[in-house]
Amino acid sequence: MASHTEHDTLPLPSFETPPKVLIVVAPYYKDIADGLVAGAEAALAQVSAEVERVDVPGALEIPAAIRQAYRSGDFDAYVALGCVIRGETTHYDIVAGESSRALTDLSLVGLAIGNGILTVENTAQAEARANPDKMNKGGGAAEAALHVLALSQRFGKTVREIGFKIGNAS
């Protein structure tokens with residue numbers, strides 16, 4: 001069980017212009033997703049972020065949706081929200097591990113992403129973590145995205161090309 005130790009939190013960064021942030025949500029567990037989104041939206045409102053939301057079927061689709069949105073060049077940062085609850089099979093391990101790995105891969109090439117995909121043992125753990133008045137992991141994911149965005153702005157422009165470029169090789 002996680003301790004109830006107080007954790008240090010960084011003050012939110014400030015931005016010259018409000019950032020445009022995409023929240024990508026897998027609302028498979030609707031009540032949990034709603035709590036995560038509420039926490040994220042409240043955190044983003046503190047920096048007057050322009051927020052858009054898209055829903056995807058599950059946690060494995062979140063990185064793909066972020067990658068598609070990134071190609072548009074319309075967003076400065078991304079917040080990934082969803083929940084994976086351990087079941088009786090190894091499906092949990094695959095979904096939890098692969099969604100996290102894909103988000104990490106995207107972040108390592110320059111995307112400002114806050115990972116708020118909960119990976120928990122049961123519904124009670126998910127409810128506590130999603131609740132904005134308790135652990136507020138949605139708000140924490142949004143804050144992480146904002147901090148990474150501030151770092152990318154500090155250290156230079158991010159590259160918009162990821163992977164292979166399709167087209168004529170002339």
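Buried means under 20% relative accessible area, exposed means over 50%, and partly exposed lies in between, with a 1.4 Å probe and protein chains only. Helices (H or I, at least four residues) and strands (E, at least two) are DSSP runs, numbered from the N terminus. The model is predicted: local features need pLDDT of at least 70, side-chain atom pairs count only at pLDDT 80 or more, and totals for chains, interfaces and linings use all residues. Residues are numbered from 1 along each chain as its sequence is written, and side-chain values use heavy atoms, with hydrogens and water left out.

**View 1. The protein chain as a whole.** The secondary structure of the protein chain consists of 5 helices and 4 strands. Along the sequence these elements follow the pattern β-α-β-α-β-α-β-α-α. Of the 170 residues, 39% count as buried. Contact means heavy atoms within 4.5 Å. Among contacts between residues at least 6 apart in sequence, 81% join residues at least 24 apart.

View 2. The 4 strands form an open sheet in the order 2-1-3-4, with parallel pairing. Strand 2 and strand 4 (113–120) are the edge strands, and each of them pairs on one side only. Neighbouring strands of the sheet are turned by 15° against each other on average, direction ignored. Two strands pair if DSSP finds at least two bridges between them. Axes are lines fitted to C-alpha atoms, for helices over the stretch in contact, and angles run from 0 to 180 degrees between N-to-C directions.

**View 3. Strand 1 and its two partners.** Strand 1 (residues 20–25) pairs with strand 2 (residues 50–55) in the parallel sense over 6 bridges. Within this pairing, Leu22 stands opposite Glu52 of strand 2. Strand 1, helix 1 (residues 30–45) and strand 2 together make a right-handed β-α-β unit. A crossover is right-handed if, with the strands pointing away from the viewer, the path from the first strand over the helix to the second runs clockwise. In the loop between helix 1 and strand 2 lies Ser48, a residue that has a positive phi of about 55° although it is not a glycine. Strand 1 also runs parallel to strand 3 (residues 77–85), to which it is joined by 5 bridges. There, Val21 has Ala77 of strand 3 as its bridge partner.

**View 4. Strand 4 and the residue Ile113.** Strand 4 is largely enclosed by the rest of the structure, because 6 of its 8 residues are buried. Strand 3 and strand 4 pair in the parallel sense over 8 bridges, and Val84 stands opposite Thr119 in strand 4. Ile113 lies in strand 4 and is buried, with a relative accessible area of 11%. Leaving aside neighbours within four places in sequence, Ile113 is in contact with Ile66, Tyr78, Leu103, Leu106, Ser107 and Ala145. The C-alpha atoms of Ile113 and Leu103 are 7.4 Å apart in space, and the two residues are 10 apart in sequence.

**View 5. Helix 2 against helix 3.** Two packed helices are described by the angle between their axes and the distance between the axes. The axes of helix 2 (residues 62–72) and helix 3 (residues 91–108) come within 8 Å and cross at roughly 20°. The two helices are therefore roughly parallel to each other; angles under 35 degrees count as roughly parallel, over 145 as roughly antiparallel, 65 to 115 as roughly perpendicular and the rest as oblique. Helix 2 contributes Ile62, Pro63, Ile66 and Arg67 to the contact, and helix 3 contributes Ser99, Ala102, Leu103 and Leu106. These residues divide into 6 nonpolar, 1 polar and 1 charged. In this division Ala, Val, Leu, Ile, Met, Phe, Trp, Tyr, Cys and Pro count as nonpolar, Asp, Glu, Lys and Arg as charged, and the others, Gly among them, as polar.

**View 6. The buried residues of helix 2.** In helix 2, the residues Ile62, Pro63, Ala65, Ile66, Arg67, Ala69 and Tyr70 are buried. The buried residues of this helix pack against strand 1, strand 3, helix 3 and strand 4. After helix 2 comes Gly73, with a positive phi near 75°.

View 7. Asn136 is found in the loop between helix 4 and helix 5 (137–155). Asn136 has a positive phi of about 50° although it is not a glycine, and it is partly exposed, with a relative accessible area of 23%.
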